[in-house]
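Here is a short note on charged side-chain pairs. Please read it alongside the sequence and the 3D view.

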Amino acid sequence: MKGTVLICCFLSLLLLQATAEEEDFTSTLRDRSHIDETLRLATEEKSRDYAAALERLRKIYHTSIKPMEQAYKYNELRQHEISDGEITSKPMVLFLGPWSVGKSSMINYLLGLQDSPYQLYTGAERSLLPLSSLSLCTGEKIRSVEGIVMAADSSRSFSPLEKFGQNFLEKLIGIEMPHKLLERVTFVDTPGIIENRKQQERGYPFNDVCQWFIDRADLIFVVFDPTKLDVGLELEMLFRQLKGRESQIRIILNKADNLATQDLMRVYGALFWSLAPLINVTEPPRVYVSSFWPYDYAPETSRDLFKKEEISLLEDLNQVIENRMENKIAFIRQHGIRVRIHGLLVDRYVQTFKEKMSFFSDPELVFKEIVDDPDKFYIFKSILAKTNVSKFDLPNRDAYRDFFGINPIANFKPLTSQCSYIGGCLLDKIERAITNELPALLSSINSGKQPGLSSCEATGCGEKPKNRYRKN
């Protein structure tokens, strides 16, 4: 099976001159045997039928979730269209952080690419270069893939990147190579954050691109080093984009062997002090302290501690790989819940509009009043009262003002009209997928059974679910 690893370096880094101190650290290569052992790269994939599970998941999405997604134009609200490539893609690990903190060096170390012709270019940035992104994928031979080719290939999960423009695609490059780890995971390496550079100078919407990858990442490594702990506007914006994804975030304090133990404790405290206002959660993300690069630790440092921290990080990565199918099902189910809520809200807007219209009413004025003040017409409260939707899952009210600004209300039918004799009702199908089909698929994966037809699909689950919006 062909694996995929994406390494996105939206800005290449150029090292013009190495310091004498750096040359001293490159004398001895570090032992990498614990990487293969912790990630179990020598063992074959588990015998569970992932192909059958993925096909079943793809079928549930296309038959039960996507019809409502298309009928109520959910993609124009969230701008997150799920392709078959995204459903079948491998876990994505995203690397974020300031410039020259060791993100690319860390990937070189994990893949064993150091001192080879295929290692990622690393170093301190001195100039703006045209190169912007790299993607590493498993293949029979090593080759590079241009960003425009990656976006045009529907079998990959990167086709939605076309919306960010040709300037970005020209800075996106893929690399394929045979590698055990690349068969199981996708790495994304981003350009370093530079606070004194305006976003416009990048030539593409950097924050929007980062958000695209954040929304799809299974694990997010935010990397710092002892010399770059300051929080500026660009880093603050990045952490705003990470809100809601705290469970996927891991903080890495890299290059820790450059400091004495006492200085390292001060830097560790300073890192938390800087990030505390940006991560407003009860339990902060896990912080790994080590030096993630191919060469041996500096002498007279806490090498045992750094080695344990590195193994803990590898176990974290392996957990994501082991749970990839479960995470994929949970992701599709979460997406289905959001699509269902969107459909219910649009249906409520449509019903309210029809109720308020009279023969002498101006349609534009009536709907403008509804969109400007939905609480006056109990749009959102009625959804909470009639369904089991949580108030914390409701989207922003202002988003629907923009949504209906480009999608006239007349383009949408109420849910009661979205039924057919053969296909059934859109609401019934998406609710059955959320409450029965996807949980049953998840149970079959956890129990090791081969996924087939769900019990609901075979027996009908007894009484057919009622459409609470259908008029009797």
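Which side chain does Glu310 meet in a salt bridge?

1. The partner is Arg30, at 2.9 Å from N to O. A salt bridge here is a side-chain nitrogen of Lys or Arg within 4 Å of a carboxyl oxygen of Asp or Glu. The pair links distant parts of the chain, 280 residues apart. Glu310 sits in helix α12 (residues 303-322), and Arg30 in the loop between α1 (20-25) and α2 (33-39). Helices are DSSP runs (H or I, at least four residues), numbered from the N terminus. Both Glu310 and Arg30 are buried.

2. On the source: this is a predicted model, where local features need pLDDT of at least 70 and side-chain atom pairs count only at pLDDT 80 or more, while totals for chains, interfaces and linings use all residues. Residues are numbered from 1 along each chain as its sequence is written, and side-chain values use heavy atoms, with hydrogens and water left out.

3. Arg216 and Glu86 form a salt bridge, with the closest N and O atoms 3.5 Å apart. Arg216 is in helix α9 (residues 206-216) and Glu86 in helix α5 (residues 84-88), 130 residues apart. Arg216 counts as buried because its relative accessibility is 11%. Glu86 is buried too, at 6%. Buried means under 20% relative accessible area, exposed over 50%, and partly exposed in between (1.4 Å probe, protein chains only).

4. Lys368 and Asp372 meet in a salt bridge at 2.7 Å, N to O. Both lie in helix α14 (residues 363-372), four residues apart, about one turn of the helix. Asp372 is partly exposed, at 35%. A network of salt bridges links Lys368, Asp372, Asp398 and Arg401.

5. The whole structure holds 18 salt bridges.

Key
Helix = DSSP H or I, 4+ residues; strand = E, 2+ residues; numbered from the N terminus.
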